[in-house]
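Please look over the sequence and the model first, and then read the notes below, which are grouped by topic.

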Amino acid sequence: MLLTFILLGLVSLFADMTYEGARGVSGAYLKILEGTALVAGAVTIGEFLGYLTRFFSGYVADRLRSSRVLWGLTVAGYLINLLAVPALALAGRWEIALALFIVERLGKGLRAPARDVILSEVIEGIGRGKGFGLHEVMDQVGAVSGPLLVTLVLSTSGEDYRLAFSILAVPAAISLACLLTAYTTYPKVRSVSLRKTVVGRGLGKKFNIFSASLSLMTVGYLAWSLISYHVKEYGLLSDPEISLMYALAMGVDALIAFPVGYLYDKVGLKSLILTPLLASLIPPLLLTNTKTATYLVAAVWGAIMSIYETNMRAAIPDLVEPERRALAYGTYGLVYGVAWMFGGVIAGTIYTLNPTYLIPYTLAAEAGSLILMTYLLRTKD
C-alpha cells in the first residue's frame with residue numbers, strides 16, 4: 001500500500017504541475033483574450049460543474065461498488081483533466097478558453113471521489129490527517145512547479161501563452177503513466193466489498209452541519225481567477241509575477257499541509273475553524289493595492305487551500321460510515337462546487353459594482369460559517 005500511496009502522490013504532483021500551471025494565469029489569460037471581470041469570475045462555473053460531476057461519480061461508485069469502477073472513474077477523469085490544459089494553446093477567443101477551463105474541472109470532478117476513497121485506504125497505517133497532509137505536500141510540489149515553469153516560459157518567450165500551455169503536456173503524460181502503474185499495485189479496493197449498512201436516509205446530522213458550514217465558508221472564499229484579474233486590472237504585478245504569485249500560494253499550501261494534517265490527527269474538526277478566519281482577511285488585503293499585500297494575499301489563499309485539501313478530506317471518514325465514503329466525498333464535492341460557483345459569480349458581480357463591497361460580503365459569509373462550525377463541534381453523534 002505504501003508504493004500505491006507514493007505513486008498516487010506522484011500522479012497528483014505531475015497533474016497539479018499541469019493544471020495549476022494553467023490555473024495560475026487563468027484570469028490574466030482571459031483578460032488578454034478580452035474577457036471581462038465577470039468572465040473571470042465565471043471560471044468558477046467550471047468548479048460547480050466539476051463538483052456536480054463529483055457527486056455523480058461518488059453516487060455511481062457508491063451504487064456499483066466495484067474496484068474496476070473506482071479505478072475506471074479515476075483514470076477517465078485524469079485523462080479529461082490533463083488533456084484540456086495543453087489544448088488551451090489553441091484557444092484564440094475567451095469563449096474557447098473558458099470552455100476548456102470548465103472541461104478541465106469536469107475531469108477533475110470525475111476522478112476525485114474515487115481517487116480519495118482509494119487514498120483513504122492506503123494511508124490508514126499513517127493516520128488520515130498526516131496521510132492526506134503528505135499527499136497534499138506532493139500535490140503542491142507540482143502546484144508550485146507548474147506556475148514556476150509557466151513563469152519561466154512567459155519570461156523568456158515574450159509572454160507566449162501558447163508555448164507555455166503546450167509545454168504542460170509533458171507533466172500530463174508522466175502523471176498518466178504513474179496512474180496506470182498505481183492501478184497495478186492496488187487493483188482491489190477493500191471498502192467496496194463491505195456490506196452496505198445504511199441507517200435511515202442521508203449521511204447524518206454532523207455531515208449536514210459540516211456541509212452547511214462548508215457552503216458559507218466557500219461562498220466567501222474569493223476565487224483565484226478574480227484575484228489575478230484584480231492584480232492585472234490594477235497593474236500591481238507583471239504577467240510572469242502573477243504566475244509567481246500563484247506559485248507562492250501553492251508553496252505555502254505545500255509547507256503547511258503536513259503540519260495542519262498532524263493538527264487534525266491531534267484535535268480533529270477543531271482544526272477547521274482556521275479556514276473562515278483566514279478567508280475573511282483576503283478582500284481587505286487585496287484592496288490595499290500594494291505589491292507586498294498582494295503577495296500576502298497569495299500566502300493566505302494558499303494556507304486556506306491547504307486546509308481544504310488536507311483536513312476537510314480527512315474529516316469525511318470521521319463523519320460517515322466506511323462503506324459510504326464514495327457518496328460522502330461526492331456529496332462534499334457537490335456542496336463545495338455549488339458554493340464555489342455562486343461565490344465566484346456573486347463576487348465577480350460585486351467587484352464590477354464596487355470592489356470594496358467584497359469586504360462586508362466576505363465577513364458575513366465567514367461569520368456564518370464559523371457559527372455553524374462551532375455548533376458542529378458541540379453536536380454529538
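Predicted model: local features only at pLDDT ≥ 70, side-chain atom pairs only at ≥ 80, totals over all residues.

A residue is called buried when its relative accessible area is under 20%, exposed when it is over 50%, and partly exposed in between. Ser 215, with a relative accessibility of 24%, therefore counts as partly exposed.

**The chain as a whole**

- The secondary structure of the chain consists of 16 helices and zero strands.
- A compact globule of 381 residues would have a radius of gyration near 21 Å, and the chain, with 19 Å, agrees with that expectation.
- The C-alpha trace spans about 55 × 45 × 35 Å along its principal axes, and 61% of the 381 residues count as buried.
- When contacts between residues at least 6 apart in sequence are considered, 87% of them join residues that are at least 24 apart.

**The largest cavity**

- Four cavities of 30 Å³ or more are found in the structure, and the largest of them has a volume of about 240 Å³.
- This largest cavity is lined by 26 residues, of which Tyr 19, Tyr 51, Arg 54, Lys 108 and Glu 309 are the closest to its centre.
- Several helices give two or more residues to this lining, including helix H1 (2–23), helix H3 (37–64), helix H5 (94–122) and helix H14 (291–319).
- Of the elements that line the largest cavity, H5 gives the most, with six residues.
- By class, the lining of the largest cavity is made up of 15 charged, nine nonpolar and two polar residues.

**The second largest cavity**

- The second largest cavity holds about 170 Å³ of space, and among the 18 residues that line it, Arg 23, Ser 26, Val 43, Glu 47 and Phe 101 are the closest to its centre.
- The elements that give two or more residues to the lining of the second largest cavity are H1, H3, helix H4 (67–87), H5 and helix H10 (224–233).
- Here too it is H5 that gives the most to the lining, in this case with four residues.
- The lining of the second largest cavity divides into eleven nonpolar, three polar and four charged residues.

**Salt bridges**

- The structure holds eight salt bridges, and one of these joins Glu 20 to Arg 23, with the closest N and O atoms 3.7 Å apart.
- Glu 20 and Arg 23 are separated by about one helical turn, because they are three residues apart in helix H1.
- Glu 20 has a relative accessible area of 5% and so is buried, and Arg 23, with a relative accessible area of 15%, is buried as well.
- Glu 95 forms a salt bridge with Arg 93, in which the closest N and O atoms are 3.1 Å apart, and Glu 95 itself is partly exposed, with a relative accessible area of 33%.
- In the salt bridge between Asp 116 and Arg 115 the closest N and O atoms lie 2.8 Å apart, and both of these residues are buried.
- Arg 115 and Asp 116 also belong to a network of salt bridges that links them with Glu 309 and Arg 313, and Glu 309 is one of the residues closest to the centre of the largest cavity.

**Two individual residues**

- Leaving aside neighbours within four places in sequence, Ser 215 is in contact with Val 335 and Ala 339.
- Although Ser 215 and Ser 369 are 154 residues apart along the chain, their C-alpha atoms are separated by 7.6 Å.
- Thr 331 lies in helix H15, and its relative accessibility of 16% means that Thr 331 counts as buried.
- When residues up to four places away in sequence are not counted, Thr 331 touches Phe 55, Leu 203 and Phe 207.

Notes:
Residues numbered from 1 in each chain as written. Heavy atoms only, no water. 1 Å grid on protein atoms, 1.4 Å probe; cavity = no way out; pocket = protein on both sides within 12 Å on 5 of 7 lines; lining within 4 Å. Points joined across faces, edges and corners; volume = space filled by probe spheres on them. Nonpolar A, V, L, I, M, F, W, Y, C, P; charged D, E, K, R; others polar. Buried < 20%, exposed > 50% of the residue type's maximum accessible area, 1.4 Å probe, protein only. Contact = heavy atoms within 4.5 Å. Salt bridge = Lys/Arg side-chain N within 4 Å of Asp/Glu carboxyl O. Rg over C-alpha atoms; globule rule 2.2 N^0.38 Å.
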